[in-house]
Amino acid sequence: MRCPFCGFSESRVLDSRSAEDGYSIRRRRECAGCARRFTTYERVDELPLVVVKKDGRREVFNRKKLLAGLVKACQKRPVSMAALEALVDEVERTLRSTAELEVSSRQIGEMIMERLRVLDGVAYVRFASVYREFRDVQEFLREIQRLSETT
């Protein structure tokens, strides 16, 4: 494993433990060149999950992209990074548990919003406003009304 700090190709494993409910292994490493420590994760190499976008384009599922969108929606909200990671893990696990190798972006968006609504109402409305492409204030207000009726 190449060191992210100095690029040296040798490191030693200091600690290994299960992560993500057993779906990956977290390894704490120390570079043999500069002695700095870093963390790596090992996961099962799975078949790629393809996302079909609204315009018909296809791209490989990118959990980092999904997590980045959630981080933006939860900016300045009392939602921990661990909670967001768990949300993305749950969605990805649900998607991979089906036999389908292609999934629509709409299906992913609905799954995220369903879970985000429970996690934080403000973050939910922020995410929904981008995902559903609100065109005016009335659409925004209708979504807030729907949220207040369900809570």
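Rings of Phe, Tyr and Trp (its six-membered ring) are taken to pair if their centres lie within 6.5 Å, with planes under 30 degrees apart counted as stacked, over 60 as edge-to-face and the rest as tilted. By this rule, zero aromatic pairs are counted in the structure, which is a predicted model in which local features need pLDDT of at least 70, side-chain atom pairs count only at pLDDT 80 or more, and totals for chains, interfaces and linings use all residues. Residues are numbered from 1 along each chain as its sequence is written, and side-chain values use heavy atoms, with hydrogens and water left out. The charged end of Arg36 sits over the ring of Phe5, 3.8 Å from its centre (the criterion being NZ of Lys or CZ of Arg within 6 Å of the ring centre and within 35 degrees of the ring normal).

Helix α2 (residues 81–97) and helix α3 (residues 105–119) pack with their axes 11 Å apart and at an angle of about 145°, where helices are DSSP runs of H or I of at least four residues, numbered from the N terminus, and axes are lines fitted to C-alpha atoms over the stretch in contact, with angles running from 0 to 180 degrees between N-to-C directions. In the contact (heavy atoms within 4.5 Å), residues of α2 including Leu84, Leu87 and Val91 meet residues of α3 including Ile108, Met111 and Ile112.

Helix α4 (residues 121–131) and helix α5 (residues 137–150) cross at roughly 145°, their axes coming within 11 Å. Their contact involves Gly121, Tyr124, Val125, Ala128 and Ser129 of α4 together with Phe140, Glu143, Ile144 and Leu147 of α5.

Notes. Helix = DSSP H or I, 4+ residues; strand = E, 2+ residues; numbered from the N terminus.
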